[in-house]
Structure formats: C-alpha cells, structure tokens
Amino acid sequence: MNEPAASLPFVDEHARSVPAPVDRTWRAVEEYAERMSSAPRPVLSRLLGTAPSSGFEVVKRDPPHEVVLAGRHRFSTYRLVFRVEPDGAGSRLRAITYAAFPGRRGRAYVTMLTVSTAHRRATERMLRRVALRAEG
C-alpha cells in the first residue's frame, strides 16, 4: 500500500475489553487480520472495485501490540488499525479507522455508512469475533 494511506484522516475508534492475556489476544488479532487480507471477496471486489480484492492487506505488524490493514475502492482509501494493550489480567482491543472519501460519490458513500450504522456494526462485529477467538 502506498504512503498516502499513512496520512488518512481519523474516522473513529471502537474498543472492547477481552478477558484473555495480551499474547492470546494478539494471536487472535493476527489470525483475524490474515483471514481478512487473504480471503478473496469477488462480490465486494466487483461492486466497489476493492484493491486488493480481499478489501485489505496487512501493511504493518508490531507484535504483540499493533497490526495495520489498508485498502481502497472507488469511494474510499482506508486504514484499519488493531491495537492490543494490557488491561489488568486481560487485554484492551481497539480498532481505529482512518479514511478519505473523495468527491461527491465518496461523500455520499460515507453518509450512507454513517446513517445506516453499517461501519459501526461491522467494526464491533470484528472486535467481538477477535475477542471470542482469544477467549476460546
């Protein structure tokens, strides 16, 4: 992924406490990031023109604290950062989104995501899946 993805505007942050130690939460994040970046999504790719076709590629790893995924499509260039931090006996898992939505189509797209709460729900679902895997 090119350098412009590193300077994208902040969109939002979601967090969740995970009753698992940092090392287990980190393994769950890594597995989830690998699945997100390697599973082709042909329908998504055709509809939005995602690059890569999975929608995400891992662009940075800083074990056991951070993994950064990035991608782009017709309406947006985006970056999703998963951070794992100690939280008592467990972990704190955060998902931070950065994105640019250029032009009228980009503004319409981000408005649709915001009004429908689709982005918030998708991000919370990601955090829940990672937490369940870590607790496993």
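The model is a predicted one, in which local features need pLDDT of at least 70 and side-chain atom pairs count only at pLDDT 80 or more, while totals for chains, interfaces and linings use all residues. Residues are numbered from 1 along each chain as its sequence is written, and side-chain values use heavy atoms, with hydrogens and water left out.

## Overall architecture

The protein chain contains 4 helices and 5 strands, which follow one another along the sequence in the pattern β-α-α-β-β-β-β-α-α. Its radius of gyration is 15 Å, close to the 14 Å that the globule rule gives for 136 residues, so the chain is as compact as a globular protein of that length; the radius is taken over C-alpha atoms, and the rule is 2.2 Å times the number of residues to the power 0.38. Along the principal axes, the C-alpha trace of the protein chain spans about 45 × 30 × 25 Å.

Of the contacts in the protein chain between residues at least 6 apart in sequence, 58% join residues at least 24 apart, a contact being defined by heavy atoms within 4.5 Å. Buried residues account for 39% of the 136 residues, where buried means under 20% relative accessible area, exposed over 50%, and partly exposed in between (1.4 Å probe, protein chains only).

## Nonpolar cores

In soluble globular proteins, nonpolar side chains tend to be buried together. A nonpolar core is here a set of buried Ala, Val, Leu, Ile, Met, Phe, Trp, Tyr and Cys residues joined through side-chain atoms within 4.5 Å. The largest such core has 24 residues, of which Val 29, Met 36, Leu 69, Leu 80, Phe 82 and Leu 93 touch the most other members. At least two residues of this core are supplied by each of helix 1 (22-38), strand 3, strand 4 (76-87), strand 5 (90-100) and helix 4, and the largest share, 7 residues, comes from helix 1.

When neighbours within four places in sequence are left aside, Val 29 is in contact with Val 67, Phe 82, Val 84, Leu 93 and Val 130.

The C-alpha atom of His 65 is separated by 6.5 Å from that of Glu 85, although the two residues are 20 apart along the chain. Leaving aside neighbours within four places in sequence, His 65 is in contact with Trp 26, Phe 82, Arg 83 and Val 84.

## Between helices 3 and 4

Thr 117 occupies the loop between helix 3 (103-116) and helix 4 (118-135), and has a positive phi of about 60 degrees although it is not a glycine. The relative accessible area of Thr 117 is 27%, which makes this residue partly exposed.
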